Amino acid sequence: MCRVVLALVLLALPAFSQKFEFWPGAQYDPAIPSPEKVLGYPTGQKHATHADIVRYFEALAAAAPSRIKVVEYATSWEGRKLIYAVIGSESNIGRISQIKTGVKQLTEPGKTNEGAAAKLVSSLPAVIGIASAVHGNEISSPEAAMLTAYHLLAARNDALATAVRQNVVLLLDPLQNPDGRDRFVHNYRTAAGLEPDPNAASAERAEPWPGGRSNHYLFDMNRDWFALTQPETRGRIAYLKEWMPLIFVDLHEMGTDTTYFFAPGAEPYNPHLTKEQKEYGPLFGKNNAKWFDQFGYVYFTREVFDEFYPGYGASWPWYYGGMGMTYENASVRGLIARKSDETLYTFQESVKKQFIASVATCETAAANRETLLKNFWGYAKSAIEEGRREAVKEYILPRRGDTSAADKLAYLLAEQGIEVRRAPTAFSNGGKQYPAGSYLISAAQQRKRMVRTLLDPVSEMDPAFIKEQERRRKKNLRDQIYDVTAWSLPMLYNVECVQAAEVTPGSFETITGTYQPKGAAPARATVAYLVPWGFQASGRFLTAALRADLRVTSAGKPFTQSGRKFPAGTLVVGVKQNEASVHDKVARIAVESGAEVIPANSSWVDEGIDFGSNYAQFLRKPGIAMIWDSPASSLAAGATRYVIERMYGYPVTAIRPQALAMADLSKFHVLILPDSAGNYASALGASTERIKTWVRSGGTLIGIGGALSYLSSGPVGLLGLQQEALATATAAPPAAGRPADAAKPPSGAPGAGAPGGGAAGPVPGKILASEADYEKAIQGDREMPDAVAGVLLRAKPDHEHWIGHGLPETIHVLYDGRTIYAPLKKDKGVNPVIFAGPDQILAAGVLWEENRKQLAYKPFIVVQGEGRGTVIGFTADPNFRAYMDGLNVAFLNAVFRTPLGGGGRGMMAEE
């Protein structure tokens with residue numbers, strides 16, 4: 001009955017009043033079920049759930065098993081399976097294994113000669129991929145995926161569909177983010193009324209926090225492609241490695257008042273894209289345009305969505321030799337929307353545009369099959385030749401420093417198809433020595449351009465593009481940089497990476513699989529087990545030890561025992577201070593965490609502090625809470641929670657701001673306020689006083705990014721930080737013999753607001769003798785620095801302060817935005833990690849000159865005591881996208897190693 005009512009209501013709306021045709025004149029094989037037949041409603045009149053989508057593709061596979069295969073490739077955090085469909089002719093589907101082998105052979109010019117490659121090019125179909133809804137609330141593409149599959153399988157007497165089936169194998173990923181999609185559908189359905197509401201302010205079209213864009217851990221998975229933090233991304237990369245589609249299209253949505261975007265993309269291009277790859281954009285764009293013209297759809301190209309950052313779904317495929325494209329569709333975010341020009345825009349219409357673009361893309365690939373395959377072969381050949389010819393012949397990841405981070409990075413590269421070899425013994429290269437277990441990555445490999453993109457310190461942006469951005473800034477226009485401009489993985493991980501000018505001779509093991517920490521159980525200790533601090537593995541050991549109810553202390557200063565030096569922060573697990581099960585627990589945790597654990601059979605130290613020193617801090621098992629709702633950034637909150645829970649295995653209580661008014665804060669030792677662009681003061685309201693009381697009673701309050709404006713505001717006063725305006729040149733001194741305020745008009749004068757002088761009255765006249773004078777005259781009296789899209793900055797820790805324990809001499813921080821804080825005054829607290837000086841601060845990326853100068857020596861981390869508690873501020877997010885592994889130790893220090901009784905000064909109060 002409800003379904004009938006909904007259908008009648010929809011038909012009563014003008015936009016739904018006629019039978020909607022997605023491909024006018026098409027005739028379909030009745031043996032192939034349509035989406036309407038399987039799901040029970042016309043496409044575009046409801047939003048399909050994840051279960052609906054899977055059910056439809058399984059129905060297609062049952063109806064046409066010789067022309068479509070459905071493959072499960074991952075499971076989401078919430079237990080939903082991710083699938084892709086393989087669609088092609090009966091002949092091509094029957095030789096899937098042969099096609100995969102053939103494509104792989106085209107990537108191996110050392111094994112496949114020109115003649116063999118030519119035969120492969122003439123016989124192989126063009127494998128292409130089209131993926132939908134990596135952002136779960138970008139809703140039109142999953143329905144379009146179902147229509148695309150139906151059309152290609154069922155269309156009769158259609159030359160286009162026939163050509164596609166014969167010349168293309170299509171990998172159709174109908175829903176990349178099932179958790180986000182179902183969150184959106186749930187939000188929409190619970191807010192829906194009698195009829196679909198086109199008003200942008202209606203509850204059904206305005207999602208509550210966090211919205212459906214992100215996955216369960218609130219990740220933007222369209223930024224995760226080289227980081228591989230999420231199971232959905234890892235599964236997707238695995239099947240792309242298996243198939244290596246020549247073309248990969250990522251279908252997205254944008255604002256309702258836009259039109260449709262397709263390739264070519266905007267500048268800047270990543271410097272490691274080839275000429276042939278760049279030529280694909282116009283090739284596919286022109287055919288899309290032909291079909292859009294036929295259907296009367298307007299579109300745009302080149303204006304936005306650049307090809308610089310390698311972590312998008314439409315960019316990662318470039319670096320194995322494919323070509324990625326982003327298609328962006330105006331979103332309805334419901335079933336109907338009213339645009340600003342008063343036209344009504346329906347979900348069905350938005351689905352149709354995605355469907356037409358998908359079919360057009362398949363047509364272009366079919367028509368250019370041989371060209372695509374030839375260029376793919378040429379890509380591999382030229383990549384290897386460049387790797388042999390260029391100055392850097394090999395990249396070496398020495399297994400020293402944070403060895404667990406080096407291990408993880410090596411396997412992250414291997415998981416993306418890069419050949420990584422491990423040295424079984426110590427070796428030398430270029431006169432330098434490297435320890436056993438170090439990793440070697442040859443530049444002369446098919447993924448050479450991926451290697452350079454991910455491992456080079458800097459990916460250079462086109463100077464002409466940067467010059468244009470400076471021109472725009474001068475005119476107070478926004479820059480055109482779409483995402484972060486720096487991402488070098490060794491910098492993100494704070495791992496040493498050596499660019500070698502020669503290839504290391506010898507026999508090495510090629511690593512495969514995914515990173516799994518694995519350590520060794522220590523010999524049985526009689527006094528204590530020691531775990532050196534400063535490693536990801538030691539962080540995993542600590543969290544597991546606390547969850548296993550082991551008593552752990554942390555050395556506040558270095559010490560030497562039995563000739564071995566142990567750094568400040570070293571964990572000490574006393575045998576007599578724990579239960580008899582301590583040996584078994586330590587052994588298990590050592591193996592699982594990968595941490596080095598050294599048995600100590602004496603408490604005597606040769607140098608430094610003793611185990612019972614006042615500088616040895618007991619580490620409590622903290623209850624951790626974090627704000628989990630607006631005004632917190634959903635992406636920042638998700639990444640922070642993910643780092644603690646999934647990377648370090650420790651539970652977090654997510655609390656909505658309104659719940660703080662009644663929550664028993666005594667159950668928690670740590671409260672985290674994630675980065676925010678909103679107003680914590682209004683969201684927390686009266687809870688602010690409860691938070692202040694809790695801190696003074698011994699709590700640790702951690703504020704990140706935008707949360708610091710709340711903590712440092714006058715009414716809150718928990719941090720003595722002050723945000724800086726844009727620094728300007730020192731003002732010229734007043735004229736000789738004239739007081740500094742002589743230029744101010746006297747009270748009652750015209751310049752002071754006298755009648756006839758306007759609201760503020762006239763100001764003293766100035767002669768503008770040059771354009772430079774004009775530029776100075778139009779500057780505001782108090783301006784903020786221009787925003788930075790995202791750069792890597794160098795920062796220097798104070799290793800005597802507990803927040804700096806375990807950190808290297810230099811760490812790399814991802815800085816974006818425009819916020820710059822002055823350092824804390826000595827009477828307020830400490831600045832244990834500050835940015836480097838102006839000549840050293842920029843590690844990589846595009847940083848405006850005035851920002852570079854002003855950020856120098858400013859704080860990254862501040863610590864301030866408050867009663868018996870501690871307030872810690874991170875001026876930039878240490879958990880950005882959960883790929884800032886090199887900052888994990890600093891964040892763990894804040895969460896787990898803050899001294900009891902107030903940590904504003906050090907591990908213990910100085911005498």
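**Note on strands and cysteines in a predicted model**

1. Strand β32 (residues 788–797) pairs with β33 in the antiparallel sense, over 6 bridges. The structure discussed here is a predicted model. Within this pair, R794 stands opposite H812 in β33.

2. A residue is called buried here because its relative accessible area is under 20%.

3. A further sheet deserves attention. This open sheet has 3 strands in the order β22-β21-β25, with antiparallel pairing. The strands β22 (564–566) and β25 (607–608) stand at the edges; each has a single partner strand, and therefore one side of each is left without a neighbour in the sheet.

4. Strand β21 comprises residues 559–561 and pairs with β22 in the antiparallel sense over 3 bridges. Across this pairing, T560 stands opposite K565 in β22. As a general point for reading such sheets, the side chains in a regular strand alternate between the two faces of the sheet.

5. The cysteines may be considered next. A disulfide is a covalent bond between the sulfur atoms of two cysteines. With a cut-off of 2.5 Å between cysteine sulfur atoms, the count comes to 0 disulfides.

6. Are C362 and C497 buried or partly exposed? C362 counts as buried because its relative accessibility is 0%. C497 has a relative accessibility of 24% and so counts as partly exposed.

Methods
Residues are numbered from 1 along each chain as its sequence is written. This is a predicted model: local features need pLDDT of at least 70, side-chain atom pairs count only at pLDDT 80 or more; totals for chains, interfaces and linings use all residues. Side-chain values use heavy atoms; hydrogens and water are left out. Buried means under 20% relative accessible area, exposed over 50%, partly exposed in between (1.4 Å probe, protein chains only). Two strands pair if DSSP finds at least two bridges between them. Helices (H or I, at least four residues) and strands (E, at least two) are DSSP runs, numbered from the N terminus.
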